[in-house]
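Visitor: I'd like a close look at a single part of this model, please. Could you walk me through the sheet and what surrounds it?

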Amino acid sequence: MSDIEGKAKSNAAGRSRGRTPKPPRAQRNGRAAIAPPPSRPRRRVIAVTSGKGGVGKTNIVTNLAIALSRQGIRVLVLDGDLGLANVDLLLGIAPQFDLQDVILGNRTLRDILLEGPDGIRVIPASSGVEELANLDEYRMEVLFRSLAELESETDIILIDAPSGISHHATSLVQGADQVLVVTTPEPTAFSDAYAMIKVLVKRPLRAAPALLVNQADSEDSALAVARRVKGVAKRFLNLDIEYWGYVLAD
Ligand SMILES: Nc1ncnc2c1ncn2[C@@H]1O[C@H](COP(=O)(O)OP(=O)(O)OP(=O)(O)O)[C@@H](O)[C@H]1O
Ligand SMILES: [Mg+2]
């Protein structure tokens with residue numbers, strides 16, 4: 001049994017709660033995980049990803065960020081969909097500089113940080129820049145380390161991560177403390193969510209992935225989807241996926 005599966009088995013996953021998403025208990029009760037490398041300080045970094053595109057990751061990240069910020073939690077949103085960024089669009093902010101400038105060494109993260117609604121802070125990325133979409137693991141690690149600059153003033157970092165099982169997508173997600181996989185009730189979306197989970201758990205994650213069902217018609221239909229994904233993950237991967245809840249189609 002892998003480390004991750006062992007971790008997942010030992011947690012209390014499997015309790016399905018039909019509520020809006022909230023930060024993982026994992027970090028609150030100290031269960032989550034496998035310690036980060038000593039080179040990088042402990043943070044609460046939650047990467048939001050999906051198997052299929054267009055399931056609502058950017059909407060989940062931005063709305064969750066605003067909701068958390070309204071509770072007094074200091075939130076930083078990293079637009080991690082590096083090649084096809086759009087957090088800025090959704091929040092109506094117009095970045096002058098972005099992650100591309102940081103990666104090229106022309107700006108620091110602090111230089112490019114923008115303030116969004118309700119005091120959330122946003123690290124914007126570029127759209128249509130192929131090199132950004134294909135950052136290697138070294139650059140990815142450099143990016144995560146430079147996030148440490150902002151650590152003392154941040155409680156939670158939410159990453160709007162790319163969808164799909166490409167190497168760059170999974171390596172960005174792998175650096176997070178917690179991965180949240182978003183699906184919709186559509187069969188193509190939840191089968192891709194399972195495929196994503198299957199690819200993710202082959203890597204050294206810090207905690208078992210969690211699941212959120214977006215665009216659900218009802219609490220029951222969301223739960224039915226979550227049960228299917230959880231059932232398959234349990235059966236074929238021996239993995240307990242934690243269900244973080246659902247968001248209604250609205
Ligand atoms: N709960 C919801 N109810 C209704 N529509 C929604 C909901 N969540 C997202 N949408 C709509 O679904 C579309 C895709 O949303 P969004 O851009 O957040 O998805 P995404 O997963 O970030 O997409 P991409 O993979 O392209 O980055 C948008 O038109 C958005 O308004
Ligand atoms: Mg998006």
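Guide: Val-77 stands opposite Val-122 in E4, where strand E2 (residues 75-79) and strand E4 (residues 121-123) pair in the parallel sense over 3 bridges. Two strands count as paired if DSSP finds at least two bridges between them, and the elements themselves are DSSP runs numbered from the N terminus: helices (H or I) of at least four residues, strands (E) of at least two. This is a predicted model, in which local features need pLDDT of at least 70 and side-chain atom pairs count only at pLDDT 80 or more, while totals for chains, interfaces and linings use all residues. Residues are numbered from 1 along each chain as its sequence is written, chains are lettered from A and ligands numbered from 1 in the order in which they are written, and side-chain values use heavy atoms, with hydrogens and water left out.

The pair belongs to an open sheet of 8 strands with mixed pairing, in the order E3-E4-E2-E5-E1-E6-E7-E8. At its edges are strand E3 (114-115) and strand E8 (242-248), each of which pairs on one side only. H10 packs on the sheet, touching strand E1 (45-49) and strand E6 (178-183), and its direction makes about 160 degrees with that of E6. Contact here means heavy atoms within 4.5 Å; axes are lines fitted to C-alpha atoms, for helices over the stretch in contact, and angles run from 0 to 180 degrees between N-to-C directions.

Helix H10 (residues 187-200) also packs with helix H11 (residues 219-237), at an angle of about 35 degrees and with axes 10 Å apart. Their crossing is right-handed, that is, the near helix is turned clockwise from the far one by less than a right angle. From H10, Phe-190, Tyr-194, Ile-197 and Lys-198 take part; from H11, the contact residues include Val-225, Arg-228 and Phe-236. The contact of H10 with H11 divides into 9 nonpolar, no polar and 2 charged residues, with Ala, Val, Leu, Ile, Met, Phe, Trp, Tyr, Cys and Pro as nonpolar, Asp, Glu, Lys and Arg as charged, and the others, Gly among them, as polar.

Turning to the ligand, Gly-54, Lys-57, Thr-58, Asn-59 and Asp-250 come nearest of the 15 residues around ligand 1, counted with a heavy atom within 4 Å. A polar side-chain atom of Asn-59 lies 2.7 Å from an oxygen atom of ligand 1.

How values were computed. Polar contact = N/O pair within 3.5 Å; in protein donor to acceptor, adjacent residues only side chain to side chain.
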